[in-house]
Amino acid sequence: MDMLWNGWGDPAKAAPLPGTVTALLRDLLGVKPRTTAALTLDDISPPAVTVAPAALEALAEAVGGEEHVRTDEESRVRHTRGKSTPDLLRIRAGDLSDVPQAVVLPASHDEVLAVLRVCAAHRLPAVPFGGGTSVVGGLAPQRSAFIALDLRRMDGLLDLDPVSRTAVLQPGLRAPEAEALLAGHGFTLGHFPQSFEWATIGGFAAARSSGQASAGYGRFDEMVLGLTLATPEGTVETGRAPRSAAGPDLRQLILGSEGAFGVITSVTVRIRPLPQVRVYEGWRFASFEEGAAALRRLAQDGPRPTVLRLSDETETLIGLAQPDAIGGDLARADAGCLAITGYEGTAEDTALRREQASAVLTACGGTPVGAAPGERWAHGRYSAPYLRDALLDVGAFAETLETAAFWSRVPELYSAVRTALTETLTQAGTPPLVMCHISHVYENGASLYFTVVSAQGEDPVAHWAPAKHAANEAVLAAGGTISHHHGVGTDHRDWYVREAGPLGVSALRAVKRRLDPDGLLNPGVLLPTD
């Protein structure tokens, strides 16, 4: 099944907003209903393919037949950009300026290499495409003619070592299928980001993904033990052992490279035994500051739950931590800040960690509110993108952004980003609702995940651009990183360049020139084009 071409996920799961939420948006933010009919896939048509027939023939030969090189309109439209709010607004308006010339589907590492050789021979840029879930412009290169290199045929479990607890996965394997394959052997990867239902293993590695259970299982880049990379210049293989002192770790160069250095064709990951039990529950704190202090104590001194999240007062009041209950009476009656804790593992270990963590949370001012909030969060943990689409449908603008900082800088970062978003959008005549939660915790810091909702304004994409710019500036000024887990893409590229510094960027450019001398891999993503 393909994802919605103009929205998120499974069409069967899309649902309109409850009337209570629509009324809240109208009264609180002045959101006006849409006045134009939505375009359908039949209403839009991409520009004609201009790639030379000889190039298309060579691509077909590289991937085993012309059926694996798609130039039909629907395939090209479905591979246009990613799933950020500006991406969706543009394609809903019929803007296909970033449509690929063709969609190429290789089935092996060698076929990827062959495709890249064809691209080099014909000077044809290529954009690796996994689940298409990028929300930072990672699938919109700065070239008018390119191919989408769709890895969906590379979707297997290549090897599983139960003694070492490792697995080798192909990049086009979607997360649910990866979990099902591992579960058949009694294991789990433990990586459950909000994009879980559609994102792929290769995408997780290319963007340094972080899942909602990262407090217990770690980030995806911490799970990766080895990678294979196909480049126009050949193959790079990394990861001979769990740790090594044999020079700089090339895995770290590939992780987060977003297709700019090569195409990830296999990933060796650490796996864990399937948990015997999973328990989720809610806690209430009087303030975001008090709740953050409690999370910091658990992150630094333990015991650390598998899932550990904290919504600020606004997000708690609206009920965004429980998407399936947003706008309900319970959500509006909530006060303070809601934290979600989750424990996974053996029954004995889970019970012990839960008991010890509960004592810490209580000592830090937390009040337990039972299993219902935690279970409701777990049930609706992948629902937020569908909610975003429903908001767009009724004329609201909704977008997210995230960052991270050391604990001492988190309060300043939280305040700076909220202020930047609120002031910029208010000045534009669309005062926003800005919500935030701590999404991932570490011994030394945490990630902040912001959700912004406002009226769309006359030009929704142009309406958001100054606010996004102001938020990015606030992130760097407050000592945060420009992205914790969404990646760089084109949206964050200029700020990433400032974060990395001139010499660091020069070093990355040198790597790019050696692995991709013609600059054909995802040009303009991660690094500016020369």
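Accessible areas here come from the Shrake-Rupley method with a 1.4 Å probe, and for residues only the protein chains shown count as cover. On that basis the protein exposes about 21,300 Å², with carbon and sulfur atoms supplying 54% of it.

This is a predicted model, where local features need pLDDT of at least 70, side-chain atom pairs count only at pLDDT 80 or more, and totals for chains, interfaces and linings use all residues. Residues are numbered from 1 along each chain as its sequence is written, and side-chain values use heavy atoms, leaving out hydrogens and water.

The C-alpha trace spans about 65 × 60 × 45 Å along its principal axes.

Now for the rings. Rings of Phe, Tyr and Trp (its six-membered ring) pair if their centres lie within 6.5 Å; planes under 30 degrees apart are stacked, over 60 edge-to-face, and the rest tilted. That rule gives seven aromatic pairs, two of them shown here:

| Pair | Centre distance | Plane angle | Type |
|---|---|---|---|
| Phe-192 and Phe-196 | 5.3 Å | 50° | tilted |
| Tyr-280 and Trp-377 | 5.8 Å | 65° | edge-to-face |

Tyr-280 sits in strand β12 (residues 277-285) and Trp-377 in helix α15 (residues 371-379), so their pair ties together parts that are 97 residues apart in sequence. Helices (H or I, at least four residues) and strands (E, at least two) are DSSP runs, numbered from the N terminus. Tyr-280 is buried at 6% relative accessibility, and Trp-377 is buried at 3%.

Notes:
Buried < 20%, exposed > 50% of the residue type's maximum accessible area, 1.4 Å probe, protein only.
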